[in-house]
Amino acid sequence: MSSIVLFGPPGAGKGTQAERIMQHTGMPQVSTGDMLRAALKAGTSVGLEAKKYMDAGQLVPDEVIIALIEDRIEQPDAANGVMFDGFPRTIPQAEALAKITEVSHVISIEVPDEEIVDRITGRFSCANCGMVFHDKFNPLPVDGCPGGEFEEKRRADDNEHTVRSRLNTYHEQTSPLAQWYGERGILHSIDGNRAIDLVTVDIIDALN
Ligand code: ADP
Ligand code: ADP
């Protein structure tokens with residue numbers, strides 16, 4: 001089995017694209033951000049520990065994240081590989097991942113910082129089905145949420161102050177991974193600053 005990594009800054013469109021290419025790859029999306037938010041909601045010690053980092057726009061310690069991924073990859077639905085979204089975010093995480101599973105493609109979705117702040121501050125999702133929308137760029141369809149009954153959810157960390165910290169964290173600790181994967185010959189850079197459907201087409205091309 002081999003897996004795919006969706007890589008890029010916060011708000012690049014990783015979750016949005018994962019939703020769309022899921023049908024193409026048949027692989028489940030594994031988002032460490034979603035896993036941490038679920039842990040926090042469930043009140044686990046991992047969730048409570050993670051909260052202080054998430055609120056500050058900093059990375060949760062590598063050992064916490066790696067333990068989550070080691071458990072997740074053992075689940076039956078991961079047997080034919082997964083699409084990682086927001087993981088790995090540091091070189092130690094990528095090294096740990098390389099020991100657990102083979103990665104065939106790293107899709108780097110590139111979006112300039114100025115665009116990121118607008119994307120993050122307008123983001124909302126449906127609490128029931130998880131679909132991601134945007135106030136301006138990807139509004140809720142007039143006939144309602146495609147996933148069923150709509151319930152709006154906005155993330156506590158999707159504010160301008162925290163997104164600027166998250167961007168700094170990205171540039172300092174995560175972006176060096178692009179070169180790391182480039183040296184391994186599996187990095188595919190995609191211009192993410194275009195219409196959602198055009199980005200999807202390029203990702204599917206890169207995977208084929
Ligand atoms: P976004 O999709 O906007 O990039 P995520 O949902 O992926 O945000 O992540 C939210 C927060 O969860 C991050 O700011 C960070 O604190 C934490 N987090 C998520 N994934 C990781 C990871 N792989 N390593 C460390 N921290 C993580
Ligand atoms: P990530 O998972 O990388 O943090 P999301 O997929 O949640 O990013 O997208 C962040 C926000 O930007 C969402 O509100 C989403 O609707 C919007 N968005 C995603 N892709 C695009 C795009 N190509 N153009 C404009 N807005 C986009």
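Predicted model: local features only at pLDDT ≥ 70, side-chain atom pairs only at ≥ 80, totals over all residues.
Local features need pLDDT of at least 70 and side-chain atom pairs count only at pLDDT 80 or more, while totals for chains, interfaces and linings use all residues. Residues are numbered from 1 along each chain as its sequence is written, chains are lettered from A and ligands numbered from 1 in the order in which they are written, and side-chain values use heavy atoms, with hydrogens and water left out.

**Ligand 1**

- The protein covers 96% of the 560 Å² of accessible area that ligand 1 has on its own (Shrake-Rupley method, 1.4 Å probe; for residues, only the protein chains shown count as cover).
- Ligand 1 is surrounded by 19 residues, of which Thr32, Arg37, Gln58, Gln93 and Arg166 are the closest (a residue counts if one of its heavy atoms lies within 4 Å).
- Side chains also make polar contacts: Gln93 places a polar atom 2.9 Å from a nitrogen atom of ligand 1, and Arg123 places one 3.0 Å from an oxygen atom.
- Helix H2 (residues 32-41) gives the largest share of this shell, four residues (helices are DSSP runs of H or I with at least four residues, strands are runs of E with at least two, and both are numbered from the N terminus).
- The shell has seven nonpolar, five polar and seven charged residues (Ala, Val, Leu, Ile, Met, Phe, Trp, Tyr, Cys and Pro are nonpolar; Asp, Glu, Lys and Arg are charged; the others, Gly among them, are polar).

**Ligand 2**

- A side-chain N or O atom of Arg119 is 3.4 Å from a nitrogen atom of ligand 2.
- Lys14, Thr16, Arg123, Phe133 and Arg194 come nearest among the 19 residues around ligand 2.
- Helix H1 (14-25) and strand S6 (132-134) each supply at least two residues of that shell.
- Eight nonpolar, seven polar and four charged residues make up the shell around ligand 2.

**Helix packing**

- The axes of helix H4 (residues 62-72) and helix H5 (residues 91-100) come within 10 Å and cross at roughly 25 degrees (axes are lines fitted to C-alpha atoms, for helices over the stretch in contact, and angles run from 0 to 180 degrees between N-to-C directions).
- H4 is therefore roughly parallel to H5 (under 35 degrees; over 145 is roughly antiparallel, 65 to 115 roughly perpendicular and the rest oblique).

Definitions and conventions. Polar contact = N/O pair within 3.5 Å; in protein donor to acceptor, adjacent residues only side chain to side chain.
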